[in-house]
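I set out to record, entry by entry, what I looked up in this structure. The coordinates come first, and my notes come after them.

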Amino acid sequence: MTDDGHGTDDTRRALILAGGGVKVAFQAGVLQVWLDEAGLRFDHADGASGGTFNLAMYCQGMSGRQIADNWRDIRPLKGVSPNWRQYPKGPYASSLFTLDGYRRNVFRAWGLDWEKIRATDRVATFNLYDFSRDELEVLTADRMDEDRLAAAVSLPMWFPPVTLDGRVYIDPVYVTDANIGEAIRRGCDELWIIWTVSRRRRWHDGFVAQYFQIIETAANSRLQEWQRRIEANNIALRHGGRGEFGRPITVRTLQCEVPLNYLVNFSRDRFRQAVELGVHQARAWCAQQGVPLSAPLPCPAAGGSRLRFSERMTGAVAFGSGAPGTRASDGGEPGREPLSVRLTVHIDELDRFLVHPEHRATITGRIHCEALGGRREVDAGSVQLFVQDGDPEHLRMRYRLFFTDAAGQPLTLSGCKIVDEDSGHGPWADTTTLHTRVLRGTVPACEEADAQVVATGVLRLRLPDLVRELASFRVRADTTRGRLAALGRFGQFFAGRLWDVYFQDALAWSPV
């Protein structure tokens with residue numbers, strides 16, 4: 001890779017902004033990293049379905065940070081426009097919603113300027129489906145306008161088709177969600193794809209779920225077909241053949257399961273979380289791919305709201321050689337000892353806590369276990385609430401408490417609540433059961449696998465303790481309205497994550 005962000009030698013690089021409804025807020029976070037921090041430049045960019053939103057901003061010359069900030073600041077309810085006049089027609093209505101809210105409010109807030117977009121020096125293509133001619137229509141930026149952008153995202157049933165010059169246009173998602181063929185046709189041999197269409201392959205009943213599962217079927221099967229063709233082309237070339245495309249094609253795909261519904265979302269925090277997830281994943285992906293980055297851009301300014309609450313959990317731990325995972329016996333007989341914790345969770349910057357993928361807060365408090373010296377103060381501690389464990393439906397609450405025993409020896413209490421539908425225990429048991437390990441020394445998370453285990457056990461939050469916890473919530477904000485809003489946002493975050501795990505059959509991903 002050269003200093004100007006282009007590929008080495010004569011490599012031509014394409015940016016593929018695939019569709020994914022409003023999941024492409026994640027895509028915007030990736031663009032902040034790829035365009036600004038990695039300084040990548042692309043010889044061609046292609047957008048389909050929701051990806052055309054980001055492509056329009058890219059063509060206007062916006063930086064990756066500007067594109068990401070537009071999604072961070074989006075007010076989702078401003079884009080909701082029910083198609084009231086069509087509702088009396090019942091199943092014969094043209095659509096459930098219109099794109100009028102996006103045209104009037106969202107596009108304006110994003111600052112879309114079609115004269116600048118059409119005059120761009122960036123080579124770009126937008127995909128629409130011409131239903132009147134039964135063909136995919138690929139338009140360059142100089143031919144685009146607001147009507148055609150609306151047509152590119154007019155998903156049947158949800159939004160009405162757009163008629164242009166007597167022809168009916170709709171979202172091309174059933175034909176393509178990423179026009180890889182156009183990038184190859186234009187001579188690109190490095191394809192950088194941002195993919196947000198779900199690949200979980202989990203079937204849910206209901207018309208809404210199945211509608212989007214049909215889209216996933218079309219989009220993912222088409223992507224896999226292109227991947228197979230490219231792989232066959234590259235193999236043929238390595239063996240001295242000509243290959244379908246006559247040159248090797250490199251595919252770089254950043255794919256993520258984004259916990260955001262394709263369309264049904266009413267929370268600004270959800271969009272911000274998707275953007276920050278994109279930033280986080282893109283930085284990790286670039287590190288794995290050997291793509292150098294400049295200093296990370298500073299996070300957007302966090303709000304002043306602070307929140308704290310207290311939590312008490314009780315249970316018992318097993319010591320000595322009877323402790324599962326013990327690396328070395330302490331020489332004592334296996335036994336069980338009561339252990340309890342009284343903790344206060346401090347969220348100093350609620351905005352940052354809610355949107356950052358780690359959802360980390362600090363902890364103060366005490367640990368009580370007679371076998372460890374009685375009441376012991378927590379020297380330092382943290383908790384991560386609802387962090388992903390490979391998939392947004394598999395979440396963890398991770399506790400890490402550093403303290404010392406009566407002899408002054410450092411210990412670490414590592415705890416994990418497993419919030420997972422596959423556990424079979426349900427939301428109450430999962431969110432109130434802390435699987436606990438006491439480790440020898442001050443052990444960071446990255447070194448836990450090799451740490452010496454002193455004791456293991458389970459702590460639980462009882463119903464009376466939950467009542468006291470709910471009563472302990474305190475919010476610091478400038479106004480009463482601000483305090484209520486902060487408390488509501490935290491409640492939405494907590495309830496939304498539970499929905500994400502346990503209520504997928506009702507609607508894939510919480511709308512709040």
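**Basis of the notes.** I worked from a predicted model, in which local features need pLDDT of at least 70, side-chain atom pairs count only at pLDDT 80 or more, and totals for chains, interfaces and linings use all residues. I number residues from 1 along each chain as its sequence is written, and side-chain values use heavy atoms, with hydrogens and water left out.

**Entry 1: helix α1 and helix α9.** I took helices (H or I, at least four residues) and strands (E, at least two) as DSSP runs, numbered from the N terminus. The axes of α1 (residues 24–37) and α9 (residues 268–289) come within 6 Å and cross at roughly 40°. Axes here are lines fitted to C-alpha atoms, for helices over the stretch in contact, and angles run from 0 to 180 degrees between N-to-C directions. The two helices are therefore oblique to each other; angles under 35 degrees count as roughly parallel, over 145 as roughly antiparallel, 65 to 115 as roughly perpendicular and the rest as oblique. I noted the crossing of α1 and α9 as right-handed. A crossing is left-handed if the near helix is turned anticlockwise from the far one by less than a right angle, and right-handed if clockwise.

**Entry 2: helix α1 and helix α3.** I found that the axes of α1 and α3 come within 7 Å and cross at roughly 155°. That makes α1 roughly antiparallel to α3. The crossing of α1 and α3 is left-handed. The contact includes Ala28, Leu31 and Leu35 of α1 and Ile67, Ala68 and Trp71 of α3.

**Entry 3: aromatic rings.** Trp71 and Trp110 form a tilted pair, 5.0 Å centre to centre with 55° between the planes. Because Trp71 lies in helix α3 (residues 64–72) and Trp110 in helix α4 (residues 100–110), the pair ties together parts that are 39 residues apart in sequence. Rings of Phe, Tyr and Trp (its six-membered ring) pair if their centres lie within 6.5 Å; planes under 30 degrees apart count as stacked, over 60 as edge-to-face and the rest as tilted. Trp71 is buried at 0% relative accessible area, and Trp110 is buried at 4%. Buried means under 20% relative accessible area, exposed over 50%, and partly exposed in between (1.4 Å probe, protein chains only). I also recorded one aromatic cluster formed by Phe309, Phe353, Phe386, Phe473, Phe490, Phe493 and Phe494.

**Entry 4: Gly19.** Where does Gly19 lie? I placed Gly19 in the loop between β1 (13–17) and α1. Gly19 is buried, with a relative accessible area of 0%. The C-alpha atoms of Gly19 and Val173 are separated by 7.5 Å, although the two are 154 residues apart along the chain. Leaving aside neighbours within four places in sequence, Gly19 has contacts that include Ala48, Ser49, Asp177 and Thr196.

**Entry 5: positive phi.** Most residues other than glycine have a negative phi. I noted a positive phi near 55° for Asp134, which is in the loop between β3 (124–130) and β4 (135–140). Asp134 is exposed, at 56% relative accessibility. Asp165 has a positive phi near 55° and lies in the loop between β5 (162–164) and β6 (167–170). Asp165 is exposed, at 69%.

Key: Contact = heavy atoms within 4.5 Å.
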